[in-house]
Amino acid sequence: ADAIQETNKYTTAFSKTQFRENTMMTTKTTSFLAISLILISIPVLVSFFAITFTASHDNIKSNLNDNSQGDGSSSSHISNNNNIDITSQRDSQRDSTNEFFMSKRPEFPSHWGSPPLIQTRDLVPLPSPYGRGSGTLKKWIESKMAEDRAAASAGTTDANDDHDKLSWPEQTLVGYNGEEAKRIILRSDRHKLLEENVHILPQDAMVTMDYREDRVRIFVDDDGKVVRQPRLG
């Protein structure tokens with residue numbers, strides 16, 4: 001009986017020892033499997049988040065580019081419209097200015113004919129007394145004045161009959177010798193002026209600002225040539 005009791009005691013102790021060992025082995029195995037699963041899951045999760053972040057970043061960048069292009073197109077459209085409006089305003093102002101100077105401009109001598117129909121759209125000072133106008137008109141006036149000076153120097157007249165009847169102030173005296181211009185003015189049928197009231201002055205001379213209908217001032221350069229059209233006053 002004692003032997004059986006002793007044997008049972010050892011068997012029970014062995015069973016308990018075996019149970020503890022099995023439990024520890026199971027725990028170790030479970031822990032190992034859990035750790036392995038975690039280690040395997042980490043790269044997968046990292047890859048997933050990396051792919052998601054990259055896709056989101058690309059979408060945001062694409063949206064920003066689309067908005068930027070849209071804003072650029074709108075800005076370009078607005079800028080083009082503004083440029084068109086500014087150009088139209090400038091053209092309108094230039095046309096109004098040209099019309100103003102044309103209304104104030106003296107008539108051209110009849111023997112010159114008609115001015116050019118096609119002219120540039122700029123605005124420059126014209127030879128006196130024609131105010132301001134286009135560069136095309138300026139060249140045309142200068143060429144006609146040069147022809148008149150050449151005809152006067154040669155002592156010839158224009159083939160046009162009206163040229164024989166032309167007299168100051170319609171006759172352009174710019175480029176004439178000062179004394180010759182004075183004689184032409186004194187011969188004018190429209191204005192009977194006294195010789196002492198027709199003055200030849202340097203072009204930069206200081207003069208009074210009063211206005212007299214019986215006086216004409218002829219301004220000449222250093223060579224004695226008339227630099228601007230003489231007029232009453």
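Ile35 is partly exposed, at 49% relative accessible area; buried means under 20%, exposed over 50%, and partly exposed in between (1.4 Å probe, protein chains only). This is a predicted model, in which local features need pLDDT of at least 70, side-chain atom pairs count only at pLDDT 80 or more, and totals for chains, interfaces and linings use all residues. Residues are numbered from 1 along each chain as its sequence is written, and side-chain values use heavy atoms, with hydrogens and water left out.

**Overall make-up**

- The chain has four helices and four strands. Helices (H or I, at least four residues) and strands (E, at least two) are DSSP runs, numbered from the N terminus.
- Along the sequence the order is α-β-β-α-α-α-β-β.
- Of the 233 residues in the chain, 21% are buried.
- Among contacts in the chain with a separation of 6 or more, 41% join residues 24 or more positions apart. Contact means heavy atoms within 4.5 Å.
- The chain exposes about 16900 Å² of accessible surface, and carbon and sulfur atoms hold 57% of that surface. Areas come from the Shrake-Rupley method with a 1.4 Å probe; for residues, only the protein chains shown count as cover.

- Ile35 sits in helix α1, residues 2-104.
- A nonpolar surface patch is formed by Ile35, Ile38, Leu39, Ile42 and Val46. Together these residues have about 480 Å² of accessible area.
- Patches take residues with over 30% relative accessible area and no salt bridge; like charges are joined within 9 Å, and nonpolar side chains (Val, Leu, Ile, Met, Phe, Trp, Tyr) within 5 Å.

- Strand β4 spans residues 216-220, and five of its five residues are buried, so the strand is largely enclosed by the rest of the structure.
- In a regular strand, side chains alternate between the two faces of the sheet.
- Both faces of β4 are covered. Val216, Ile218 and Val220 are buried on one side, and Arg217 and Phe219 are buried on the other.
- Strand β3 (residues 198-202) pairs with β4 in the parallel sense, over five bridges. Pairing requires that DSSP finds at least two bridges between the strands.
- Pro202 stands opposite Val220 in β4.

**His199 in β3**

- His199 belongs to strand β3. His199 is partly exposed, at 27% relative accessibility.
- His199 and Arg217 are 18 residues apart along the chain, with their C-alpha atoms 4.8 Å apart.
- Beyond its neighbours within four places in sequence, His199 contacts Arg215, Val216, Arg217 and Ile218.
- The His199 side chain also reaches the backbone oxygen of Glu196, at 2.8 Å. A polar contact is a pair of N or O atoms within 3.5 Å; within protein, one must be able to donate a hydrogen and the other to accept it, and residues adjacent in sequence count only if both atoms are side-chain atoms.

**Gln229 after β4**

- Gln229 lies in the segment after β4. Gln229 is buried, with a relative accessible area of 6%.
- Polar atoms of the Gln229 side chain meet two backbone groups: the oxygen of Gln171 at 2.9 Å and the nitrogen of Leu173 at 2.8 Å.
- Outside four places in sequence, the contacts of Gln229 include Ser128, Pro129, Trp168 and Pro169. Thr172 and Val174 are also among them.

**Salt bridges**

- The structure holds three salt bridges, each a side-chain nitrogen of Lys or Arg within 4 Å of a carboxyl oxygen of Asp or Glu.
- Side chains of opposite charge can pair when their charged atoms come close.
- Glu147 and Lys144 form a salt bridge at 3.9 Å, N to O. The two are three residues apart in helix α2 (residues 135-154), so about one helical turn separates them. Glu147 is partly exposed at 45%, whereas Lys144 is buried at 17%.
- Asp210 bridges to Arg215, with the closest N and O atoms 3.5 Å apart. Asp210 is partly exposed at 38% relative accessibility; Arg215 is buried at 4%.
- Asp214 bridges to Arg212, with the closest N and O atoms 3.2 Å apart. Asp214 is partly exposed at 36%, and Arg212 is partly exposed at 31%.
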